[in-house]
Amino acid sequence: MLADNHVRPRLEPLAAKVPEITIGFWVLKLLTTAMGEAASDYLLSTMSFVGFGIGAAGFVSTLWIQFRTRRYNAFAYWAAVMMVAVFGTMAADVIHHQLGVSFTMSTLFCALGVAATFWAWHRIENTLSVHSIATRRREVFYWLTVSFTFALGTAAGDLTASQLHFGFVGSIVLFAIVMAVPALGYWRFHLNGVVAFWWAYIATRPLGASIADWLCKPTKTGGLDYGAGPVAVGMLMTALVVVTYVAVRNRRMVTKPGPAQLKSAA
């Protein structure tokens, strides 16, 4: 019992390990999502199963680092999100292209995975709030949900662009509207904050994937033909700049003394 009491404090987070939900969060979510789509396409098309192994290794290693931290760290968190984006896209693509599962069925399967995770999370923890991710078990539920949403978004984006013939631009418009609905609902109509967050979070995945596909794919399929590699690198560099800015800004906010501290010091 004594040994267990010494071990558990080292394993449990000291505080919620997710960022504040600001405009910067949504910008980074879209950037990492688009980067994941492009990077996955590049790795699978150029290296096949070796590329899949690289994605899997990155997925496992970045999540391991994220779980080892006890406080929110911008670089650890967003590195994990990036690799979840890459591997989640790979998983959805392998299900469709290698196993022959249709976009409709893979979208349905991933949607059921998200729903089941939400159900289990709420039943066990009685909350789905991202601000409550302060225990190891809640952190596991959070990243399991995130992983399923990335796979779901990939499948849904491919479904609308290819099978439903929306095209890349049509899919971008569709999912931008889907994402705007919870934002408007929360802002003007008092939509529950947890519902609004997860609704928008899920919608960012197919939106980002559709943007990446539009930039990457050949012109004959409705894309701009910039190539998956250059788009992935461009998105990655932009995301790193934004993450660095956010990390430095947060550090300054934490270290900057408030009025109460200044008064006490005086």
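What share of the 266 residues in the chain is buried? Buried residues make up 45% of them, where buried stands for under 20% relative accessible area, exposed for over 50%, and partly exposed for what lies in between, with a 1.4 Å probe and protein chains only. Before I go on, please keep in mind that this is a predicted model, in which local features need pLDDT of at least 70 and side-chain atom pairs count only at pLDDT 80 or more, while totals for chains, interfaces and linings use all residues. Residues are numbered from 1 along each chain as its sequence is written, and side-chain values use heavy atoms, with hydrogens and water left out.

Let me start with the fold. The chain has 10 helices and 0 strands, taking helices (H or I, at least four residues) and strands (E, at least two) as DSSP runs numbered from the N terminus. Of the contacts between residues at least 6 apart in sequence, 75% join residues at least 24 apart, a contact being heavy atoms within 4.5 Å.

If we take W143 and leave aside residues up to four places away in sequence, its partners are L63, Q66, F67, Y77, A80, V81 and V84.

On cysteines, the structure holds 0 disulfides, a disulfide being a pair of cysteine sulfur atoms within 2.5 Å. C110 counts as buried because its relative accessible area is 2%, and C216 does so because its value is 7%.

Finally, the surface. The chain exposes about 14,200 Å², of which carbon and sulfur atoms supply 69%, with areas from the Shrake-Rupley method and a 1.4 Å probe, and for residues only the protein chains shown counting as cover. V169, V173, I177, V181, V195 and W199 form a nonpolar patch with about 500 Å² of accessible area together; such patches take residues with over 30% relative accessible area and no salt bridge, joining nonpolar side chains (Val, Leu, Ile, Met, Phe, Trp, Tyr) within 5 Å and like charges within 9 Å. A salt bridge, in turn, is a side-chain nitrogen of Lys or Arg within 4 Å of a carboxyl oxygen of Asp or Glu. Helix α7 gives the most to this patch, with 4 residues. V181 lies in α7, and V181 is partly exposed because its relative accessible area is 38%.
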